[in-house]
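Okay, thanks for making time, everyone. Let me put the model up, and then I'll walk you through a few spots in it.

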Amino acid sequence: MCIRDRLIAFSDTNGAEFVGDPARFFKALTNILSGQVTDGLEVMEGLLAQWQSDGCRLRRLSCGYVMARVYSIHFQSAMQSTGSPDSPQIRTMADNCIRWYRTCVSEAQHMGAQVMEGQALLGLGNALAALGKRVQAADLINQSIDVLANATASHHLEQARSSLAELQTANGGS
């Protein structure tokens with residue numbers, strides 16, 4: 001039995017949801033990585049909804065960001081295969097990605113978690129850029145740069161600047 005499964009069993013036996021629920025969340029993520037996408041997304045979304053109703057803001061913020069990244073990776077991968085966001089499956093993945101990034105931006109702002117806010121703004125900008133919404137994307141990435149600079153988050157700031165440069169290059173240097 002792997003450590004993740006031992007944590008879940010310990011939680012079930014001893015009422016330690018603070019350990020077991022995140023383990024379940026990341027087990028669902030590993031299920032997605034092994035091809036069980038629908039089931040994994042369902043578990044992750046269910047836990048995030050539970051944490052919202054329970055008021056577990058920090059857990060919801062950090063795992064919500066992971067959720068946004070999962071949707072982002074899946075919709076961008078599907079976009080590379082088809083080249084168009086027109087399919088219902090891609091549109092649903094993109095909408096969920098954007099929803100979770102926006103949720104994270106809002107939560108991070110309310111919590112004063114500037115680095116998470118900056119990362120979520122960057123992710124949202126990159127998602128919109130992938131959908132061809134380059135003006136909105138540039139605005140969000142610039143906001144990300146401002147927030148990350150204010151937080152002195154140099155690694156993430158460099159990522160945001162790199163994303164903006166790539167976007168500007170794709171737009172012909174504008």
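Predicted model: local features only at pLDDT ≥ 70, side-chain atom pairs only at ≥ 80, totals over all residues.

**A walk through the helices**

So, of the 174 residues of the chain, 41% count as buried, where buried means under 20% relative accessible area, exposed means over 50%, and partly exposed is in between, with a 1.4 Å probe and protein chains only. Residues are numbered from 1 along each chain as its sequence is written, and side-chain values use heavy atoms, with hydrogens and water left out.

What's it built from? The chain has eight helices and zero strands. Reading along the sequence gives α-α-α-α-α-α-α-α. As for contacts, meaning heavy atoms within 4.5 Å, take the ones between residues at least 6 apart in sequence: 53% of those join residues at least 24 apart.

Now the rings. A pair of aromatic rings is described by the distance of the centres and the angle of the planes. The rule here is that rings of Phe, Tyr and Trp (its six-membered ring) pair if their centres lie within 6.5 Å; planes under 30 degrees apart are stacked, over 60 edge-to-face, and the rest tilted. How many aromatic pairs does a search of the whole structure find? Three. One of them is Phe25 with Trp51, a tilted pair at 5.7 Å centre to centre with 40° between the planes. That pair links distant parts of the chain, since Phe25 sits in helix H2 (residues 17–33) and Trp51 in helix H3 (residues 37–54), 26 residues apart. Phe25 counts as buried because its relative accessibility is 0%, and Trp51 is buried too, with a relative accessible area of 1%. Then there's Tyr65 and Tyr101: the ring centres are 6.0 Å apart and the planes are at 65°, so we call that one edge-to-face. Tyr65 lies in helix H4 (residues 57–82) and Tyr101 in helix H5 (residues 88–111), so this pair ties together parts that are 36 residues apart in sequence. Both of those tyrosines, Tyr65 and Tyr101, are buried.

Is Ala120 buried or exposed? Buried, because its relative accessibility is 0%. Not counting residues up to four places away in sequence, Ala120 touches Tyr65, Tyr101, Cys104 and Val105. Its C-alpha atom is 8.8 Å from that of Thr103, which is 17 residues away along the chain.

While we're on H5, have a look at Glu107, which is found in that helix. Glu107 has a relative accessible area of 17%, so that glutamate is buried. Leaving aside neighbours within four places in sequence, Glu107 is in contact with Arg57, Arg60 and Leu61.

On to how helices pack. Axes here are lines fitted to C-alpha atoms, for helices over the stretch in contact, and angles run from 0 to 180 degrees between N-to-C directions. H6 and helix H8 (residues 154–170) pack at about 20°, axes 10 Å apart. They are therefore roughly parallel, the label for angles under 35 degrees, with over 145 roughly antiparallel, 65 to 115 roughly perpendicular and the rest oblique. Val115, Gln119, Leu122, Asn126 and Ala129 in H6 meet His156, Gln159, Ala160, Ser163 and Leu167 in H8.

H8 has another partner, helix H7 (residues 134–150): the axes come within 9 Å and cross at roughly 155°. H7 and H8 are therefore roughly antiparallel. Among the H7 residues in that contact are Ile141, Ile145 and Leu148, and on the H8 side they include Leu157, Leu164 and Leu167.

Last one: H3 and H5 pack at about 25°, with axes 14 Å apart. That makes H3 roughly parallel to H5. The contact is made by Val37, Leu41, Glu45 and Leu48 of H3 with Met93, Arg99 and Trp100 of H5.

Note on methods
Helix = DSSP H or I, 4+ residues; strand = E, 2+ residues; numbered from the N terminus.
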